Amino acid sequence: MEAIIEYQGQLLQGTWVTIQLALFSLLFSVFFGLLGAWAKLSKNIVAQKTAAGYTTIVRGVPDLVLILLVFFGGQQLANQLGQLTGLWDYVEISQFAAGVGTIGVVFGGYMTETFRGAILAIPRGQIEAGIACGMSRFLIFRRIIWPQMVRYALPGFSNNWLVQIKSTALVSVIGLQDVVYNGFVAGRSTRLLFTFMFAVLMIYLVLTALSDLGLRWLDKKYSKGMVRSEDG
Amino acid sequence: MGEAIIQFLETWSPLDVVLIAQNFDRFLLGALVTLQLTGLALLIGGALAVPLAIIRAGKNPYLNAPVWAFTYTFRGTPLLVQTYLIYYGLGQFEAVRESFLWGPILSQAWWCALIAFSLNTAAYTTELLRGAIVTTSRGEVEAALACGFSAAQRMRRIVLPSAFRRALPAYSNEVIFMLHGSVVASTITIQDLLGVGRWLNGRYYLAYEGFITAAVLYLIIVLIISRGFRWWESRWLRHLYPQNAVETKPKKGLASFRF
């Protein structure tokens, strides 16, 4: 316990990195999810096929493999491209950027499925009513699709987010100093790896419990006026 | 002709295909390790999950609370940290280091990975099965009661068979999730599929080849698994598919892949 107090600075710092990583990658994944859902539901066959390929690959390949590929391969690719075109000199992809980008893209694939299902759950008649009222496509999205899509997507979204926040732990493998990495280093130097890994475990538990609370609040907010048919 | 192809690949392919082909047997061995770890973990985890799910679905608070704490902890934390805790952490205790389990099991990366994976998948499967058990239709249970079934008979003959069916689509996600999770093994020195990829890249100082080969192989395994589950569902869940005269076979299974 004293050891944890001694190293609490590192642990807190690592926790902060983990939180940032999770939140930034969440932004990315929501963006890619919306884009993917839009592509999957569009009439354009190229967009459809691209989105289908995207979700199959990112949901079929383990996230750590993609993180490593982006971190090592992406850097080489960027430099080879730079050399070829002469547009930029040596670039370095930071661990943080590789982590945020990869986790964002991977969970964007899961979000795609969630959002797609949510949009499909909106009764078609409502959208037609919007068209009949002369609403523009953007207005239909903002007033009719979005509020209901959020409601329908929330359960899946919550699930994705809880998996995503745990996935951020993998970025420690490429050396990002997140809570796992810092906890591991501290545990190794004090020879108290169990104590420190247990502390890290508890930190994640707190993070997921807090997210759970937040998601429940969101669920309450967005399901106002909804009558739950099941035992509620 | 063959030489021409090899020369073409050596000079023009962006990936060193020849090197991948030369080391392909290693990748297959790695895939075997991955499948072995995943399969065994699923077996052990599944065996643990059935009694735990029955406890979780029951009303005994003294049994329920510890099982809930177990599933909550394992579902709320990353598999990577759980694996580190077991592999690196247990050695902190002298009692563990001196026990007879230390040498053959607890100091071995493979066993530690198996233990962590099994507990992890047990936690997820428990909650999944619990959900399926509590949604058993009341009428079936009442019918069993009326027939004078004991609690154990009800569970074995009525509740579990239908609960397994209901849990199947979600379980296919769990299986793929576990396969994905098994990459954690490569971080504790195990030469699984990703481990081989990392080894190849490290040895020949490459950036893509090992990871891309591993990624493709993982993708193939996942596609085979989800196909397998679709087939399984088409057998176990046939009664749930829409019936009509023209089309008896469903085009798409209920498998939603994951979540």
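How are α5(A) and α7(A) oriented to each other, roughly parallel or roughly antiparallel? This is a predicted model, in which local features need pLDDT of at least 70, side-chain atom pairs count only at pLDDT 80 or more, and totals for chains, interfaces and linings use all residues. Residues are numbered from 1 along each chain as its sequence is written, with chains lettered from A and ligands numbered from 1 in the order in which they are written.

Helix α5 of chain A (residues 95-120) packs with α7(A) at an angle of about 150°, and their axes are 8 Å apart; axes are lines fitted to C-alpha atoms over the stretch in contact, and angles run from 0 to 180 degrees between N-to-C directions. The two helices, α5(A) and α7(A), are therefore roughly antiparallel (an angle over 145 degrees). Residues of α5(A) in this packing include F107(A), Y110(A) and F115(A), while those of α7(A) include M149(A), Y152(A) and F157(A). The contact of α5(A) with α7(A) divides into 12 nonpolar, six polar and no charged residues, where Ala, Val, Leu, Ile, Met, Phe, Trp, Tyr, Cys and Pro count as nonpolar, Asp, Glu, Lys and Arg as charged, and the others, Gly among them, as polar.

Turning to the two chains, their contact (C-beta atoms, placed from the backbone, within 7 Å) takes 35 residues from chain A and 31 residues from chain B. On the side of chain A that touches chain B, α9(A) gives the most, with 11 residues. That side of chain A comprises 24 nonpolar, eight polar and three charged residues.

Notes
Helix = DSSP H or I, 4+ residues; strand = E, 2+ residues; numbered from the N terminus. Parallel < 35°, antiparallel > 145°, perpendicular 65-115°, else oblique.
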